[in-house]
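Q: I am new to this structure. Can you show me how to read its features one at a time?

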Amino acid sequence: MVHIGNSWDEKLRGEFDKDYYLQLREFLKEEYASRTVFPGMYDIFNALKYTPYEEVRAVILGQDPYHEPGQAHGLCFSVQKGVPAPPSLVNIFRELKEDLGIDPPSHGCLESWARNGVLLLNTVLTVREHAAHSHKGKGWEIFTDRVIRLLNERPEPMVFILWGRPAGMKADLITSPQHEIITGAHPSPLSAHRGFWGGRYFSRTNDFLVRSGSQPIDWRIPE
């Protein structure tokens, strides 16, 4: 039914046969047939495709995909090249510059992070055009909670970066003491002033990984 193409296929074996997912699948078939839905159906699972289970060193958790044309492509906060970076991503780049001195790229595609061990996961993986949260409560949360729980079971330490209240609520799923949780306000201009700035998320992630005997993440984004 769903073929991701790496170790996630084995980890998620049976998940796509569960009643909740079969109902979600029927809902999505109708939505994609009758509405404009983002991302494209072949990009829904890109976060898992780009970052196999055993390669995850950090998780950035978003909410639902961008809902304007050309933006969403299956990686949270990321947009395709040629699409202007949305305000939340602009703020992430600003914090990256403040933290590590890395200049923002000329594009907003975070695929290099995903291929370097950062799972860029939204809690809801699809959305209707111009309608934020339109696919909330349809079953995606059950699926992505399962992904988080599977990562929690992994013995190798990793970092979970949780921005905003909805992401922060997922901390209850991360119970294994070997993992690190870093929280902050959402990078949206509406909330960044409440505790996003100065969080040093990127350097703190690498400090933890190095202390844990893992390789740090290269947060630079190639042009």
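A: Start with ring pairs. Rings of Phe, Tyr and Trp pair if their centres lie within 6.5 Å. Keep in mind that this is a predicted model. Here ring pairs link F16, Y20, Y21, F45, W140 and F143 into a cluster.

Q: How many aromatic pairs does the structure hold?
A: The structure holds 18 aromatic pairs. Take F16 and Y21 as one case. Their ring centres are 4.9 Å apart and their planes stand at 80 degrees, so this pair is edge-to-face. The cut-off for that label is over 60 degrees. Both F16 and Y21 are buried.

Q: What kind of aromatic pair do Y21 and F143 form?
A: A tilted one. The centres are 6.3 Å apart, with 50 degrees between the planes. This pair links distant parts of the chain. Y21 sits in helix 2 and F143 in helix 6, 122 residues apart.

Q: Are Y21 and F143 buried or exposed?
A: Burial is read from relative accessible area, and under 20% counts as buried. Y21 has 4%, so Y21 is buried. F143 has 0%, so F143 is buried as well.

Q: How do helix 2 and helix 6 cross?
A: Look at two things: how near the axes come, and at what angle. The axes of helix 2 (residues 19–34) and helix 6 (residues 140–152) come within 9 Å and cross at roughly 130 degrees. The two helices are therefore oblique to each other. The crossing is left-handed.

Q: Which residues make the contact of helix 2 with helix 6?
A: Helix 2 brings Y20, Y21, L24 and L28. Helix 6 brings W140, I142 and F143. By type, the contact has seven nonpolar residues, no polar and no charged. As for spacing along a helix, an α-helix has 3.6 residues a turn, so residues three or four places apart point the same way.

Q: How do helix 4 and helix 8 cross?
A: Their axes come within 7 Å and cross at roughly 55 degrees. Helix 4 and helix 8 are therefore oblique to each other. I92, E95, L96, D99 and L100 of helix 4 meet Y201, F202 and S203 of helix 8. This contact divides into five nonpolar residues, one polar and two charged.

Q: Which residues of helix 8 are buried?
A: Y201, F202, S203, T205, N206, F208 and L209. The buried residues of helix 8 pack against several elements, including strand 2 (58–62), strand 5 (159–163) and strand 6 (180–184). T205 has a relative accessible area of 0%, so T205 is buried. Beyond its neighbours within four places in sequence, T205 contacts A58, V159, I161, I182, I217 and W219.

Q: Where is a positive phi found?
A: Check whether the residue is a glycine. F77 is not a glycine, yet its phi is positive, about 70 degrees. F77 is in the loop between strand 2 and helix 4. With a relative accessible area of 8%, F77 is buried. R200 is not a glycine either, and its phi is about 50 degrees. R200 lies in the loop between strand 6 and helix 8. At 41% relative accessible area, R200 is partly exposed.

Technical notes
Residues are numbered from 1 along each chain as its sequence is written. This is a predicted model: local features need pLDDT of at least 70, side-chain atom pairs count only at pLDDT 80 or more; totals for chains, interfaces and linings use all residues. Side-chain values use heavy atoms; hydrogens and water are left out. Axes are lines fitted to C-alpha atoms, for helices over the stretch in contact, and angles run from 0 to 180 degrees between N-to-C directions. Helices (H or I, at least four residues) and strands (E, at least two) are DSSP runs, numbered from the N terminus. Angles under 35 degrees count as roughly parallel, over 145 as roughly antiparallel, 65 to 115 as roughly perpendicular and the rest as oblique. A crossing is left-handed if the near helix is turned anticlockwise from the far one by less than a right angle, and right-handed if clockwise. Contact means heavy atoms within 4.5 Å. Ala, Val, Leu, Ile, Met, Phe, Trp, Tyr, Cys and Pro count as nonpolar, Asp, Glu, Lys and Arg as charged, and the others, Gly among them, as polar. Rings of Phe, Tyr and Trp (its six-membered ring) pair if their centres lie within 6.5 Å; planes under 30 degrees apart count as stacked, over 60 as edge-to-face and the rest as tilted. Buried means under 20% relative accessible area, exposed over 50%, partly exposed in between (1.4 Å probe, protein chains only).
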